[in-house]
Amino acid sequence: MPDKGFRPEHECCLTMRAEQADVIPSIQRIRPDGITTTEIPGISLLDADMYEAMSPDELIEEVAAVIATPVADLLDSTVSMLDLVPMLTAKPWLATRALRDYLTPQGYHLPTSW
């Protein structure tokens with residue numbers, strides 16, 4: 001959308017949590033038996049339990065690799081709202097009325113039901 005500079009979240013036409021963008025991969029963690037692993041959502045690295053389970057340096061490194069870098073890559077590859085049309089088509093509940101009003105004249109009609 002036309003750049004209006006920094007604006008507060010309530011004035012943005014699209015807001016989403018990082019895990020909604022589907023760019024954060026799952027991670028493997030050792031189960032309590034110490035032998036097998038289980039797959040958990042990568043966003044779990046932000047849970048308080050993880051602070052106790054890893055050293056601060058390990059946690060910082062893993063959060064950067066699993067969460068920060070994929071989210072930054074998504075933002076870097078999103079030059080305009082049009083770049084988000086495939087994701088918004090798959091997840092139409094993320095599109096606000098203002099965003100739909102912006103996309104419709106450009107020929108993009110997002111699904112209205114899910």
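Q: Where is S44 found?
A: In this predicted model, S44 sits in the loop between β2 (37-41) and α1 (48-53).

Q: Why does S44 count as buried?
A: Its relative accessibility is 13%. The cut-off for buried is under 20%, so S44 at 13% counts as buried.

Q: What makes S44 and P41 a polar contact?
A: A polar atom of the S44 side chain lies 2.9 Å from the backbone oxygen of P41. The limit for such a pair is within 3.5 Å, so this pair qualifies.

Q: Why is the pair E19 and R17 called a salt bridge?
A: The closest N and O atoms of E19 and R17 are 2.8 Å apart.

Q: Is R17 buried or exposed, and what makes it so?
A: R17 has 55% relative accessibility. Exposed means over 50%, so R17 counts as exposed.

Q: And why is E19 called partly exposed?
A: E19 comes in at 33%. Buried would be under 20% and exposed over 50%, so E19 falls in between and is partly exposed.

Q: How do you know that K91 and D22 form a salt bridge?
A: Their closest N and O atoms are 2.7 Å apart, and the limit is within 4 Å, so the pair counts. This one links distant parts of the chain: K91 is in the loop between α3 and α4, D22 is in the segment before β1 (26-30), and they are 69 residues apart.

Q: What makes R29 and E62 a link between distant parts of the chain?
A: R29 is in strand β1 and E62 is in helix α2 (residues 56-77), 33 residues apart. Their side chains meet in a salt bridge at 2.7 Å, N to O.

Q: How many salt bridges does a search of the whole structure find?
A: Three.

Q: Which residues of the largest nonpolar core touch the most other members?
A: Of its 13 residues, L14, M81, L84, L88, L99 and L103 do. Two or more residues each come from α3 (85-90) and α4 (97-103), with α3 giving the most, three residues.

Q: What does L88 touch?
A: Leaving out residues up to four places away in sequence, L88 touches L14, L94, A95, L99, L103 and L110. There is also a second, separate core of nine residues, including I24, L45, M50 and V66.

Conventions
Residues numbered from 1 in each chain as written. Predicted model: local features only at pLDDT ≥ 70, side-chain atom pairs only at ≥ 80, totals over all residues. Heavy atoms only, no water. Helix = DSSP H or I, 4+ residues; strand = E, 2+ residues; numbered from the N terminus. Buried < 20%, exposed > 50% of the residue type's maximum accessible area, 1.4 Å probe, protein only. Polar contact = N/O pair within 3.5 Å; in protein donor to acceptor, adjacent residues only side chain to side chain. Core = buried A, V, L, I, M, F, W, Y, C linked by side-chain atoms within 4.5 Å. Contact = heavy atoms within 4.5 Å.
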